[in-house]
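Hi,

Here is the structure I promised to pass along.

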Amino acid sequence: MKQSCPLQRRPFGLVLFLVLALCIAALSAHAHKPSDSYLTLEIGSTNLTGRWDIALRDLEDAIGLDANDDGDITWGELRAKHSALAAYAQSRLAITVNDQPASFRLDRHEVDNHSDGSYAVLRFTCAIPATTTKLNVRYNALFDRDPQHRGLLRLNVAGTTRTAIFSPDKPRQEFALLESGGGNSLAAFVKDGVWHIWIGFDHILFLMALLLPGVLQWNKGRWVPVATVREALVNVLKIVTAFTLAHSITLSLAALKVVSLPSRLVEASIAASVIFAALNNVWPVLHRRVWMIAFAFGLIHGFGFANVLGDLDLHGRVLALGLFGFNLGVELGQMAIVLVFIPIAFALRRSWGYRSLTVKFGSLLVSAIAGVWMFERLLNFKVLPF
Amino acid sequence: MLRPPSFRLKPFACRAALFLMAASASGTSFVPQDDALVLERLRRGPVDQATREIRQLRRQRELNPQDDRMAALLARRLISKSRETSDPRYLGQAESVLAPWWDTTNAPVGILVLRATIRQSTHHFAPALADLDSALAIDPNNAQAWLTRATILQVVGDYTGARRACEPLQRLTSELISVTALSSVQSLTGEAEGAYQSLTNLLQRSPQASADQRIWAVTLLAEIAVRLGRTSEADDFFKQAFALGERDPYLLGAYADFLLDKNQPRTVIELLKDETRADSLLLRLALAEKAANDPKAGEHIAILKARFEASAQRGDKVHQREEARFHLHLLGEKSRALALALENFAVQREPADLRILLESALAVGDTAAKAKVTQFIHTHRLQDVQLDRLLRNGGEI
């Protein structure tokens with residue numbers, strides 16, 4: 001007898017029929033979390049490390065985990081399937097670096113618990129060239145079993161995180177790593193440097209204290225104006241160059257972690273440097289060689305800059321970029337101050353107001369402020385609002 | 001047998017503690033030491049009949065993946081399974097079974113109706129309705145398509161359309177089905193009393209109806225009784241519905257809401273204490289625990305928060321009704337709740353959607369949002385004692 005298959009003739013029968021109608025009300029409102037996997041990629045200087053969390057429920061459907069079919073997935077059952085899982089992962093995730101396929105090595109199998117259940121965790125690494133400019137990820141897991149599955153990617157590059165969602169409609173994602181990303185971050189580092197000078201009153205005051213007598217010279221116990229613009233510019237140039245050179249050296253050493261000083265000590269020393277520079281204007285010790293003060297204390301200020309850069313947590317090739325950009329920003333900020341200050345100071349240099357009031361009284365005021373800073377920083381205690 | 005207690009004995013403490021990683025996938029993963037450690041429980045007990053059937057259908061389908069009748073049958077089973085377990089994975093699997101016809105305009109009628117059912121579950125109401133239109137153009141006598149159409153239109157608040165879709169049912173299906181479908185629309189459009197009476201009477205006259213049909217009718221009667229403020233009758237209907245079948249997540253949710261309104265959080269905790277997988281039931285459990293000052297509330301709120309964050313990460317907007325309730329009642333974030341409730345109301349307009357919108361509007365003091373609700377109630381002559389009570393008590397903004 002030919003099979004008439006009653007099952008097939010009844011799909012529109014009443015029982016199934018009702019279930020569908022009830023589903024409308026129930027499905028959307030009562031669903032729990034749909035299927036997601038979490039893929040995290042971390043770009044290092046020469047390798048890429050990955051972590052991929054896939055729900056055990058999904059793996060049960062894709063490769064079958066519950067060997068004894070008792071409804072519980074044990075670690076033993078998952079472990080028995082590790083090679084199948086590795087093969088599945090390899091076949092469903094393709095990483096391309098600079099248009100070259102990169103093969104990844106599975107380092108470790110782990111498990112983790114997410115809000116909706118347990119996940120298998122695959123940890124893998126993959127060697128990449130130091131000049132990775134383009135990363136292409138093709139994700140194809142579970143879409144054939146469940147088109148509503150999504151792969152949620154977090155890509156960590158140089159302290160920044162990018163996210164993307166893989167879906168059956170968008171299984172491929174491409175990321176430009178250096179050209180646009182590098183450009184953006186260089187600009188960001190330059191901005192950070194300028195900003196740090198702008199809000200760093202201690203650096204501004206130190207520079208001002210050094211520059212105030214730049215348009216003067218110490219002659220027989222008193223400040224007299226320099227004769228020519230040239231003289232003033234040479235003074236200022238020496239000071240600024242010495243300061244720049246010094247803080248660039250220590251900033252680099254600290255950023256490369258060659259030298260490291262406790263930040264409280266550094267910050268207090270910076271305050272001390274401001275006091276010294278300011279008092280040197282009132283009772284000059286080093287009046288001919290102000291650039292030497294700039295150099296000596298510039299070394300300390302460099303450590304201060306490094307603390308800011310350290311907060312950004314840079315490593316690998318981005319460190320060089322950050323160092324360069326940040327330093328450039330600091331110089332630009334400094335240059336802006338010099339360009340505003342010099343013409344005014346040069347114009348006013350003959351006046352009593354400038355020579356006595358501004359240079360002497362101003363320097364005393366600066367040293368008083370710096371004195372409070374020093375105590376604040378040494379004792380970790382706040383008095384001044386800036 | 002040794003089992004680390006953190007995993008097996010205290011799964012929720014463990015999940016709550018690890019809630020951060022749900023969003024970031026950078027938690028504390030580990031390598032278990034014991035092969036016997038249970039990592040995941042897929043179900044309680046042995047394989048049930050429905051799962052066995054699904055497995056068998058899968059095997060049959062693999063032999064002939066282009067057979068649309070076989071595919072429809074399997075997809076239907078998977079959709080039912082999704083409803084029973086509240087796991088949307090089965091919906092996704094149903095979608096994959098229908099993959100050969102997913103993007104075609106000329107799919108068979110049965111497939112189109114299933115496609116509509118899956119599409120509406122992710123709130124793609126317009127394409128779902130388009131699929132039903134296509135199905136009805138081919139087969140105007142397809143009762144399933146009319147019924148599904150009526151239900152979707154009711155969810156989005158198009159009662160005129162829903163009523164029209166109910167008409168053909170009178171000649172195409174049993175009386176109980178067509179009357180239940182129509183009563184559902186009538187109960188939301190000023191005819192709740194009449195619908196309630198006629199459906200009650202018909203149910204008494206239909207002892208031969210299948211359990212599924214009776215559950216549907218009884219659940220609807222319970223919901224109408226709730227909206228009419230007939231508390232003890234509602235309670236009776238809920239209990240009848242529970243007696244008729246298995247634990248149904250939809251029914252559990254509706255009953256939990258009813259009990260929460262009656263200020264019986266302890267009963268809700270007893271009812272839902274093991275229902276932590278479905279977000280909607282976990283939400284009600286957490287609401288009850290908060291109301292009863294139960295120490296577990298904190299853990300459950302943390303899990304819910306992690307799940308909503310995970311949904312947001314994948315760009316889902318399917319749970320906004322629940323998410324708004326979560327933000328308003330469990331986190332006290334009124335403005336966020338109102339924003340979610342408004343966005344949700346633009347898509348779904350069931351009494352529960354009106355309720356959370358009104359509650360958030362009153363909490364924030366947003367007269368425009370409140371006016372949306374009052375206008376909807378007025379336009380459709382919606383009868384709902386809970387909405388009336390809210391408007392009376394907090395009505396003056």
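**Helix 14 of chain B**

Let me start with a length check on this predicted model. Helix 14 of chain B covers residues 211-228, and at 1.5 Å a residue its 18 residues should span 26 Å; the C-alpha atoms at its ends are 25 Å apart, which agrees. Is this helix mostly covered or mostly exposed? Of the 18 residues in helix 14 of chain B, 15 are buried, so mostly covered is the answer.

**Strand 9 of chain A and its partners**

Over in chain A, strand 9 (residues 150-157) has 6 of its 8 residues buried, so the rest of the structure largely encloses it. Strand 9 runs parallel to strand 1 (residues 36-43) of chain A, and 8 bridges join the two. One pair to look for is Glu42(A), whose bridge partner in strand 9 is Asn156(A).

Strand 9 also pairs with strand 10 (residues 160-166) of chain A, this time in the antiparallel sense, over 7 bridges. There, Arg154(A) has Thr163(A) as its bridge partner in strand 10. Strands 9 and 10 of chain A form a hairpin with 2 residues between them, and Ala158(A) in the turn has a positive phi of about 50°.

**Confidence in chain A**

The average pLDDT of chain A is 81, with 85% of the residues scoring at least 70. Helix 4 (residues 75-80) of chain A has the highest confidence, at 96, while helix 1 (residues 6-9) of chain A has the lowest, at a mean of 28. Where pLDDT is low, the predicted coordinates should not be read in detail.

Best wishes

Conventions
Residues numbered from 1 in each chain as written. Chains lettered and ligands numbered in written order. Predicted model: local features only at pLDDT ≥ 70, side-chain atom pairs only at ≥ 80, totals over all residues. Buried ≥ 20, exposed ≤ 12 C-beta atoms within 10 Å, placed from the backbone. Helix = DSSP H or I, 4+ residues; strand = E, 2+ residues; numbered from the N terminus. Pairing = 2+ DSSP bridges. Expected span 1.5 Å × (residues − 1). pLDDT = per-residue confidence, 0-100.
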